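Okay everyone, thanks for coming. Have a look at the structure on the screen, and I'll talk you through it piece by piece.

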Amino acid sequence: MDMKQRRSKSRENIPQATSSEGEIPPNLRRKLRASRPAMGHVVPKATRTKGAGGSANPRLRPQGRAREAGMNNPSMLKILGGSARGKRLDSPEVYLRPMMGKVREAVYSTFTSFGLYDEGVSTRHLDIFSGSGSVGLESLSRGASHCTFVDFAAECCNAVERNVQWCGFGEEGTTNIVCADYLQALRDPSSVGLPVGSTYQIVTLCPPYEEVVYADLIEAAANSVLVADDTVILIEYPVELGCLPHVISRKDGGKLIGVRNRKYGRTVIAMYVVNPTGRMEVAGSRPEEFVTV
């Protein structure tokens, strides 16, 4: 079966949205409460009480060689696989909850099964809400050709820059660090310095749960000029949100099809493929996973 026939067959198998299917449900159009306790690596110095200790006042303690390099990494956040495996990462002095190691390992196992890091494949990654950069750096370590990091906090962008150099990805053209609002970056990328015509094969969205309206985030990502056919969009969300829809409609008539929706404790990871062509045969539609988890 040639590519044209396979693409045609794949499109026949894409779920066809009904009048309500594909629309953003009401539960995503509100801000939610999904508080999580602070951890040592996310507590800014300015918020700590002098003389206090214990879990209410965690201390930031870099360890080992990272400590010698002046890095702040009390959570032992590090690259899990690939060329930079084992490299510890600096954390910014802001409240931050990076993707858990076991979740990141599962995510990249799935990305690898999709063929995104196969030899000869040039994968460009857009990491929004990048924080310390652990998600995008993991992608570079496993074979992505480029990663653009987007975060609104200057402290996070500075930490990403340090981690890029620390992990050995400082070669020109390999990374781009953008300090900007996520909605502006998705809706008007050229206004934040992203080249006109740039598209990405992976987009990861790991927002601070209580600081975004998920409907706005999903609509901006689904309709962004930064995505193309077969772009994989990952969305991290809390169990308190309920469940994301299996099919998301685009304004141009296209669709995002849900291919994974997995729960890890109180965190859920959803993956969508934009207008799937059938090129990634492993990334098939899985409506059975998009139920309340």
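Let's begin with a pair of strands. Strand E5 (residues 227-238) and strand E8 pair in the antiparallel sense, over seven bridges. Strands here are DSSP runs of at least two residues, labelled E, while helices are DSSP runs labelled H or I of at least four residues, and the numbering goes from the N terminus. Two strands pair if DSSP finds at least two bridges between them. To place yourself in this pairing, find Glu236, which stands opposite Ile269 in E8.

Before I go on, a word on where this comes from: this is a predicted model, residues are numbered from 1 along each chain as its sequence is written, and side-chain values use heavy atoms, with hydrogens and water left out. Local features need pLDDT of at least 70 and side-chain atom pairs count only at pLDDT 80 or more, but totals for chains, interfaces and linings use all residues.

Back to E8. Strand E7 (residues 255-264) also pairs with E8 in the antiparallel sense, this time over eight bridges. Lys263 stands opposite Val268 in E8. E7 and E8 form a hairpin with two residues between them, and in the turn Gly265 has a positive phi of about 65 degrees.

Buried means under 20% relative accessible area; over 50% is exposed, and in between is partly exposed, using a 1.4 Å probe and protein chains only. In a regular strand the side chains alternate between the two faces of the sheet. In E8 both faces are covered: Thr267, Ile269, Met271 and Val273 are buried on one side, and Val268, Ala270, Tyr272 and Val274 on the other.

Now hold on to Tyr272, and let's talk rings. A search of the whole structure finds four aromatic pairs. The rings of Tyr272 and Phe290 have their centres 5.6 Å apart and their planes at 50 degrees, so this pair is tilted. The rule is that rings of Phe, Tyr and Trp (its six-membered ring) pair if their centres lie within 6.5 Å; planes under 30 degrees apart are stacked, over 60 edge-to-face, and the rest tilted. Tyr272 lies in strand E8 (residues 267-274) and Phe290 in the segment after E8, so the pair ties together parts that are 18 residues apart in sequence. Both Tyr272 and Phe290 are buried. Elsewhere, Tyr108, Phe111 and Tyr117 form one aromatic cluster.

Lys87 lies over the face of Trp166, at 5.1 Å from the ring centre, and Arg124 lies over the face of Tyr200, at 4.7 Å from the ring centre. To count, NZ of Lys or CZ of Arg has to be within 6 Å of the ring centre and within 35 degrees of the ring normal.

Next, a helix. Nine of the nine residues of helix H4 (residues 134-142) are buried, so H4 is largely enclosed by the rest of the structure. Among them are Glu138 and Arg142. What do the buried residues of H4 pack against? The list is helix H3 (101-113), E1, E2, helix H5 (154-166), strand E3 (175-179) and strand E4 (200-205). After H4 comes Gly143, with a positive phi near 130 degrees.

Two of those partners, E1 and strand E2 (residues 146-151), run parallel and are joined by five bridges. His125 stands opposite Cys147 in E2. Strand E1 (residues 124-128) has four of its five residues buried.

In the loop between E1 and H4 you'll find Ser132, which counts as buried at 1% relative accessibility. Beyond four places in sequence, Ser132 is in contact with residues including Leu77, Asp90 and Asn163. Contact means heavy atoms within 4.5 Å.

Finally, how far can we trust the picture? The mean pLDDT of the chain is 84, and 78% of its residues reach 70 or more. That score is the predictor's confidence in each residue, from 0 to 100. Over residues 6-19 the pLDDT is below 50, though this stretch has 27 contacts in the model beyond near neighbours in sequence. Residues 39-43 also stay under 50. Okay, that's my tour!
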